[in-house]
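Here are my comments on the model you sent. They go through the fold element by element, with the sequence and structure to hand.

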Amino acid sequence: MSGTSIKAKGWVRTLPASAGARAGRQWTLRHLESLGWPDSDPETVDAVLLTVSELVTNAHVHAHSDAHLVLAWDSRCLHVSVGDSSPYLPAPREPDPARTSGRGLALIGALADTWNVHPTAEGKTVTACFIPSAPERPGERPGER
């Protein structure tokens, strides 16, 4: 490497099905607070928390599995990954007004900057990337660009 370095922070937690999505949201919020995001970028915080809720719920309900939640901040993107033990990859579905489920992946696609899913030896992992809004420049008022 020619003088470049990457600084990253990461956190990992396993959420058993008995813990529920709420525990994942609370845990994630504490780490977003350590990055200062609730004050600087509340909209992205809301998107991250909703995504965590959807992915953890999917692991528990559809995969009948613990959810392995990983947050990795590389100073550009917050990677939110949830792994479970199901080998079946999720497939986006057309929303059906008569059904109460089936909108999660469309929601994540709308909230995240990017997302993907890949099989693992243990099942699969879904990862969504969130790039926070650019911080305001000194002396600049919100929305002034």
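**Notes on the predicted model**

1. In the β4–β5 hairpin, 4 residues lie between the strands, and Gly123 has a positive phi near 160°. Please keep in mind throughout that this is a predicted model. Two pairings can be picked out on screen: His118 has Thr125 of β5 as its bridge partner, and Thr114 stands opposite Cys129 in β5.

2. Which residues of α1 are buried? They are Gly20, Ala21, Ala23, Gly24, Trp27, Thr28, His31 and Leu32. The buried residues of this helix pack against β1, α2, α3 (42–61), β2 and β3. After α1 comes Gly36, with a positive phi near 80°.

3. The crossing of α1 past α3 is right-handed. On the α1 side, the contact is made by Gly20, Ala21, Gly24, Arg25, Thr28, Leu29 and Leu32. On the α3 side, the residues include Val45, Val48, Leu49, Val52 and Val56, with His60 also among them.

4. Nonpolar side chains tend to be buried together in soluble globular proteins. In this model, the largest nonpolar core has 27 residues, and Val48, Leu69, Leu78 and Val80 have the most contacts inside it. At least two residues of this core come from each of β1, α1, α3, β2, β3 and β5. The largest share, 8 residues, is supplied by α3.

5. What is Leu69 in contact with, leaving aside its neighbours within four places in sequence? The list is Trp11, Val12, Arg13, Leu15, Gly24, Trp27, Thr28, Val52, Val80, Ser81 and Val82.

6. The count of aromatic pairs is 1. The partners are Trp37 and Trp73, arranged edge-to-face at 5.2 Å centre to centre, with 90° between the planes. This pair links distant parts of the chain, 36 residues apart: Trp37 sits in helix α2 (residues 37–40) and Trp73 in strand β2 (residues 67–73). Are these two residues buried or exposed? Both Trp37 and Trp73 are buried.

7. Most residues other than glycine have a negative phi. His64, in the loop between α3 and β2, has a positive phi near 50°. Is the side of the model at His64 buried or exposed? His64 counts as exposed because its relative accessibility is 68%, where the cut-off for exposed is over 50%. Ser75, in the loop between β2 and β3, also has a positive phi, near 75°.

Technical notes. Residues are numbered from 1 along each chain as its sequence is written. This is a predicted model: local features need pLDDT of at least 70, side-chain atom pairs count only at pLDDT 80 or more; totals for chains, interfaces and linings use all residues. Side-chain values use heavy atoms; hydrogens and water are left out. Rings of Phe, Tyr and Trp (its six-membered ring) pair if their centres lie within 6.5 Å; planes under 30 degrees apart count as stacked, over 60 as edge-to-face and the rest as tilted. Buried means under 20% relative accessible area, exposed over 50%, partly exposed in between (1.4 Å probe, protein chains only). Two strands pair if DSSP finds at least two bridges between them. Contact means heavy atoms within 4.5 Å. A nonpolar core is a set of buried Ala, Val, Leu, Ile, Met, Phe, Trp, Tyr and Cys residues joined through side-chain atoms within 4.5 Å. A crossing is left-handed if the near helix is turned anticlockwise from the far one by less than a right angle, and right-handed if clockwise.
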